[in-house]
Amino acid sequence: MATERKRKRNNETGTNGLKRRHVTSDKNKQHISDDVSEVTQIAADVFPPLVGGEDEDEGSDSGSEEEEWTGLDGAADGDVKGSEHTGSKPKKPPTGEELRNIKDATELYRSSSFKLQIDALLPNVHPKYERFAPLDRFLHSLYSFLHSIPSVEPEHPLIASRRLLKKGIAVPYSAPQPTEDTNWKVSFTKPNEVTVVGSWPTKLSVKAKDKNPYRVDVAVEMPAALFQEKDYLNGRFFHKRAYYLAVVASAIARKGGELNVDVLFDSVAGDSRLTTLVLRPKQGLKNDWSKLNVEVRIMPTLPSDCPIPLQRLSPSRSNIRTLTSEEAQEEFSTPLYNTALLLGLTPRAHLLRVYALKEAVPAFADALTLLRVWANQRGYSEGGKFCVRGFEGKGMWWAAVLDLLIHGEETSGLAKLSPKRKPLGKGLSSYQLFRAALDLFARHDFTQERVYLKSEGGHRFLPQEYNTHEAVFVDSTSSVNLLAGVPMSSLDMLKHDAKLTLETLNDGTSAAGSKDPFREVFLKDLRDLQSRFDVVMRVDLSSAKPSQPSPHATLDHGSPFNALIADLASKLRSGLSDRIKALAVLLPTSGPRSLSQAHPSNSPIIYIGLVLNTDHAFRLVDHGPPADDPNPANVQQFRDFWGDKAELRRFKDGSIVESVVWDVKNVDERAHIPFNISRYLLSRHSGIPSEDVRGWQASYDSTLRLPESIASFYQAARSATGFKTAMTAFEGLIKSIKALDDELPLAVLNISPSSESLRYTNTFVPVALPPSLSSILPACARYAPVMDVIIEFEKSGRWPDDLKAIQKIKLAFFETLATALMKSVKGLRATVVVGDGVSTSEMQDVASLEIITPDGWAFSARIWHDREAILLDKIIDDKPHIPKHLKRKLQQTSDSSGAEAKERQEAMETKALYIRRFIHAPRHHRAIAALSHRFSAFAGTVRLVKRWLASHWLLHGYISEEVVELICASIFLGSDASSKDRESVPGTKERGLAVVVEFLKDWEWENGLFVPLYGSSESEITDVTKQPSLTGGKSGAWAVSTELDPTGHMWTSNGPDAIVARRVRTIAKASWSCLQEVEDGNFDVKTLFVHPTEHYDIIMRLDPSALPRYYQNITADPSVWKGKYANAVLNGESKDALKPGFDPAQLLFNDLKRVYKDTLKIFHDPFGGNLFGAVWDPTLKESRPFRVLGGFSSTPVRKDNEKGKDKSLVVLNTDAVLSEIERLGAGLVTSITVQV
Amino acid sequence: MSSAQIFPTSIAGFTPIQIKYSSDSTHILYVRAHTGSKKGKNKDIVFPEGRTLFLVNVPPDATEREITVLFKQSGTVEKVVFDGDEEEVHEIGEDSDEEMEDEEELGEEQDDDEEQPRKKRKMSKDSKPAIPHVIPLPTRNTRTLRRTGRAAHVIFLDASSLSRALSPPSKPKGWPLDTSTAVGLSHYNALYEALRPPLDLVKAHADSWMDLFEYEQAKKKRQSKYKKGEAIVDDDGFTLVTRGGAYGQTLGGGVTVASKKFQESRKTSQRYRKDKKEPKEKETFYAFQVHEKKRKELIDLKRKWEEDKAKVEKLKESRKFRPY
């Protein structure tokens, strides 16, 4: 069998004729010599064929070896010992080989299913080579065509280019352009060799993002006779190369009929020195390969015997001498120019190297594929979207990374270099190699450590010569730095991404509800800007003017644009220093251009993304060198860098240092510091006007703020605002209550907060409404939020042992407390609230004490008495000693009277409320408050998410605030309770919102979610019950469990149900696609919060001036209160006393939701929404037989004639229901629109 | 509402009555004479047969007064009982305000069983205590919103009214909206005020309620025959649990105490321990056991592998492995 497979493989390699010919013709023939078969044999043994491939063996049960194989798939065929297994599938023990496969899969991979998933993925990202026969035919004809192009006599470069221009072909001469007085000539003779290089011949091509075609690189070796020794100078080589390319282009374009292709220029990373020819198939009869999604790229290469001395191309040499005196020039080396030239030598060598690796290391091909898929998903490649700068055309680098892992580095004579990494050897699995590569990215410090791949000839250039490069990763030929031109910031980003992925891979495999790591790592497109970066900036470069333009850098980088980008990236990186973990400059990939365009055009729009290091990001001061720095150059450098922002300051510790101070007016602005720094630096160093740098943070902030005109009322009244102030007010309340100990029958043990406003997560900043303010506020802005607190008295046996009596005693306590408080604190008002107006249960805790402090803070206090739980338990289960099964029998036999069952039901509801209100809420509050302190962006994220859900009419009515907090916490905490902060923690609330939206978009809530909210210490207690229960018949579709709430329904039992949960997903999807618009530049934050109303059957309009919360509406119309304000003063009505927590819209919503529970599903925005939307229960639209307790308002179906069968059918009486709603909402509802 | 179609005169034994809400919407009430309900025997006392009308699909915000007015033409209504699932029979009050009533009801209910309530007086142990009276919380005239599509019973003073009510009226009646009880925004305003009664009333209510409660407790204690001794309560209010009460209960009744014998024998705990100690078969005694165990492990391994494979295969079918 193995031999058969081997033969098949050999055949496959044989199909690509062109490649075979050239590779075998090489002197490195030994790589593919006889031991090829051996390697394939090993490969076949180590890697079982892909899942699908095993089918061939199924069913055969003769011959020992084959029988072993059937074991894997043959589970379905009959079985001998089925009787001893309870499972439906009869089993045989696995055979040796099977066992080896399984063990390999589990031990060499993350898990066996991970391995299977990898196996399933790989065929989808490789081209199906067997379909590419037409391409082979094309390559053959191209080969002969290229050899048949007639020679062109030597000519002056400008004359030659003019001649070609007449044919519509612009020669892409790179800067410095040849001039009239150049004394050398360009010419063309047919190529020495034409070779297919790159990933195609080695079958390592990986599908590109966004349906970009596969690339087949064809290296055309220019004859050595075309070159002279001095061609390394001033771009002469590139000019000759450009001319060569242009001649080939014109030949193909002219005789295009023969080849039937479109010819285009393309320059890698916008560098015209690296221009290639792109051949794209046209549809036609002959050699039609247009359906293959593949393009052929022609790149001219240097022959190995070319006269250019390689020593002149060492990285530290300067090879552009156009300016001033030569001595001055020598100081500026031209590393990128030299690298670009050397790249003309490497394609063949790289091909051979990769081929050798592939043959020697069985897992190399798969590992490289995984790595490239991983990179593609994160924008480290070409693609249709914005990509990380510097990774275009870096295909070889990914292979070189694996080369490094396998073969190790070239040692250098210098002792100070870090101890050498040990090569990992050849026996690793693809997953292990992939992981090792990520590990390298995550740990390797590219700024400090240089990498020289193991090469045959040792170092070609001295390691010190690479000082001119930022990051150094020298290839196996020891000639080219593969990371030349890659900004350090992009490598930071790579490091960050690798860390993220490692984090995902390290997350527990077992934790239910966690994301599928395979999907996260390989299948998910992670190029989205808003969920990836804390700060996203859109920069328009069209009016950029570098403040210190450097002609030299421009020449070295190949174009002013590239020089600008490189400069900008490095300036931002050093300016933001430790405030950021990573910084990415994102550009669209340069696309092919027509032959008439000599130079690539660059899109002026770039995006800059910052990943913040929240420990330092919001620092107000940047310190520079001290004033008395021994080296004054440091001071000067600092001043040059920061311009007039730099100033000398004396600090508390007495030091006088150069520093930069960033002014902020409020908390929101503090979060803008990194953005402001970037904008300042961009304007200072790159001359980009600040209006061309666009960010979205401020627009997000405004969604959480009150309208200006309302806020001015608060400012005028000097009202206390802010979370901290609210907490101080709460502390004050505790003090004044504790001071009353003598006057209360029992001592107060504990007062615990359980309000969003006291844990930083209320959408709106809490405000105090002193009487002076509340009287001048317009009616539609007079909502006074109430903060819940829970009072716990010391334990006492004097409490009555009866639930109803306990509730009455609470009233008495409240009364005493209220009287005492009002006596002791001047200006404080306290009222006992005896119920909520809805609940009629007598055992339920309904009473509360409403306290309004003299400053205007409103609190609502409840009393927690722990005996209630026991009493309730007694009602629910009054015979705990009887085993469950007996009880069930008892219940069946004895007709449990209705009253008793009803009482039990009531007790169960009361118990649920009790546990939620007194046990979980305070605990939840503490945990969330702690998270708000731990993660700077957490509270903001929760607030934004709440605002978002509220504006889509879901919060409060269907999604409790607490579950929002839990979901946000899961974003910050991950699924494992480790005390370490994760790499993926969002640094700003905007990113937090994007991540939550993304989560809700993909969350399969059927699987639940586990949030390690309470940390590991407590998790041990309930470790057994960690698995969230699958959603059963409960009304809550979401199961969000914590260590202390294993079933996960504490905050979701009242919704969302499956319908609303699906709605959340739909809305998240819509918002997600709205977030993507940031890439088009016309993204408006407001659109995220605009709710479409066309899907509702009924829209009820409320009178905004009657809603005390209208001012919180996201689209509040100031004219409502401005117009009303004048009238309101005249109306005595508005002089009413402050009504804390009074929100008639919410009350009406609750009533309608309750009254029409089985008729309608009603939605509204709790934050001042002036619209209610409702949908009819679709099942009610059909007529159904009359039932006494139908639960909806019905009307008999009209019969067309009297003789109609009397089935007593009734149908929903929509008109009457609407009239009723109008009546119930009198004074609030202004109109009801029925939308059909 | 086209007049061409004929409005049915009877639906499953109910007479539909049209009630005009407005010019273009009509609510339907279904009425029937009340017949003894099967489930609640005691309810028959409340709903006298022959003069009780059973009403289905009551408007959610209907008040007793509105219904009374609605049936004024048929006869005088004695009372209206709304019976949703959540409402109790105790709503036979003069006002329809449940929220406020609840607290009050409890007192009244208990009063019903007793003799006439008398003036509240301090309780003392030796003198025969008077039954304390609960001072109710102030009631406000607010509506109760019930679930839609619920039923109610209307009890007429006179049996003849029933038949009149059952005959469908010639033309739809209008809904007699009672303007004295607020709806909509003013309802919520009123409710808000009603839920915040003056402090002295709260105090009076809570105190009087507790007095009654203690009275009830004391009475219950007296009535309970199966009791021996008096509970021992210490200064902190803890009740000492001691053996010696009747029927294995603590002194003064209440909690059951385990008997001395039971406690000493520890029968239950021993039994459980014995169960646990039961010698099990040695798992690795015979070679075949080791063999079987290993084999089972391998089979489990394989099964898991195959499960994973099936899972991946399923995912593959849903084309989940196309990254882009």
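I started with one residue pair: Val539(A) has Val693(A), in strand S17(A), as its bridge partner. Strands here are DSSP runs of E with at least two residues, helices are runs of H or I with at least four, and both are numbered from the N terminus.

Before going on, I noted that this is a predicted model, where local features need pLDDT of at least 70 and side-chain atom pairs count only at pLDDT 80 or more, while totals for chains, interfaces and linings use all residues. Residues are numbered from 1 along each chain as its sequence is written, chains are lettered from A and ligands numbered from 1 in the order written, and side-chain values use heavy atoms, leaving out hydrogens and water.

Next I looked up the strands. S11 (residues 535-540) of chain A and S17(A) run antiparallel, joined by 3 bridges; pairing takes at least two bridges found by DSSP. They belong to an open sheet of 5 strands in chain A, ordered S8-S12-S13-S11-S17 with antiparallel pairing. At the edges I found S8 (386-388) and S17 (693-695) of chain A, each pairing on one side only.

Then I checked a helix. H24 (residues 673-686) of chain A lies across S11, S13 and S17 of chain A, where contact means heavy atoms within 4.5 Å.

Last, I asked how H15 (residues 395-407) and H16 (residues 430-443) of chain A meet: their axes come within 10 Å and cross at roughly 100°. Axes are lines fitted to C-alpha atoms, for helices over the stretch in contact, with angles from 0 to 180 degrees between N-to-C directions. So H15(A) and H16(A) are roughly perpendicular (65 to 115 degrees). Trp397(A) of H15(A) and Phe441(A) of H16(A) are among the residues making the contact.

Definitions and conventions
Parallel < 35°, antiparallel > 145°, perpendicular 65-115°, else oblique.
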